[in-house]
Amino acid sequence: RTHCAAARETGLPLVIHSRDADADMARILQDEMGQGPFKALLHCFTASRALAETGLELGMLVSFSGVVTFKNSQELRDIARDIPLDRLLVETDAPYLAQVPFRGKRNEPAYVAHTARILAEAKGVSEADLAAATTANVLRYFAKMPPLTDAEAA
């Protein structure tokens with residue numbers, strides 16, 4: 001709750017990593033949003049569809065890591081499929097959770113392309129469209145981040 005208040009006060013997004021606490025997290029976020037809006041995103045999302053839907057209802061973004069590439073993560077890919085493109089982020093969570101085909105090894109930022117490919121497939125969009133959407137999302141949501149150079153944007 002202190003972090004929610006800080007996000008509200010600073011205008012900086014709150015990055016939430018919630019594990020095995022979906023009902024508690026949803027309740028806290030709903031209560032805190034009732035005190036005034038703040039930006040937040042569900043980081044390294046591996047939770048339930050219900051928590052994803054609560055986050056979306058509250059205006060949050062949902063970010064997926066390499067876990068979405070794992071063979072046994074079909075339910076997670078199904079949730080990702082239903083997240084609107086303008087509310088989706090892709091992340092590495094490096095050095096953890098390396099994507100298939102690097103599972104079990106140290107994760108590297110360059111591997112995020114594998115996560116993006118799987119998310120694009122799940123959503124039925126091109127990798128380029130997914131990249132454009134997620135880049136726009138991060139720049140919009142992290143408004144204090146400097147703009148990308150031409151090389152970074154490419």
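Author: Helices (H or I, at least four residues) and strands (E, at least two) are DSSP runs, numbered from the N terminus. Met145 lies in the loop between helix H6 (127-141) and helix H7 (150-153). This is a predicted model: local features need pLDDT of at least 70, side-chain atom pairs count only at pLDDT 80 or more, and totals for chains, interfaces and linings use all residues. Residues are numbered from 1 along each chain as its sequence is written, and side-chain values use heavy atoms, without hydrogens and water.

Reader: Why is Met145 called partly exposed?

Author: Buried means under 20% relative accessible area, exposed over 50%, partly exposed in between (1.4 Å probe, protein chains only). Met145 has 34% relative accessibility, so Met145 counts as partly exposed.

Reader: Why is Tyr141 called buried?

Author: Its relative accessible area is 7%, and buried means under 20%. Therefore Tyr141 is buried.

Reader: What makes Phe142 partly exposed?

Author: Phe142 has a relative accessible area of 25%. That value is in between the cut-offs, so Phe142 is partly exposed.

Reader: How many aromatic pairs does a search of the whole structure find?

Author: Three. Rings of Phe, Tyr and Trp (its six-membered ring) pair if their centres lie within 6.5 Å; planes under 30 degrees apart count as stacked, over 60 as edge-to-face and the rest as tilted. Among them, Phe102 and Tyr111 lie 3.7 Å centre to centre, with 5° between the planes. That angle is under 30 degrees, so the pair is stacked.

Reader: Why is the pair of Tyr141 and Phe142 called edge-to-face?

Author: The ring centres of Tyr141 and Phe142 are 6.4 Å apart and the planes are at 70°, so the pair is edge-to-face.
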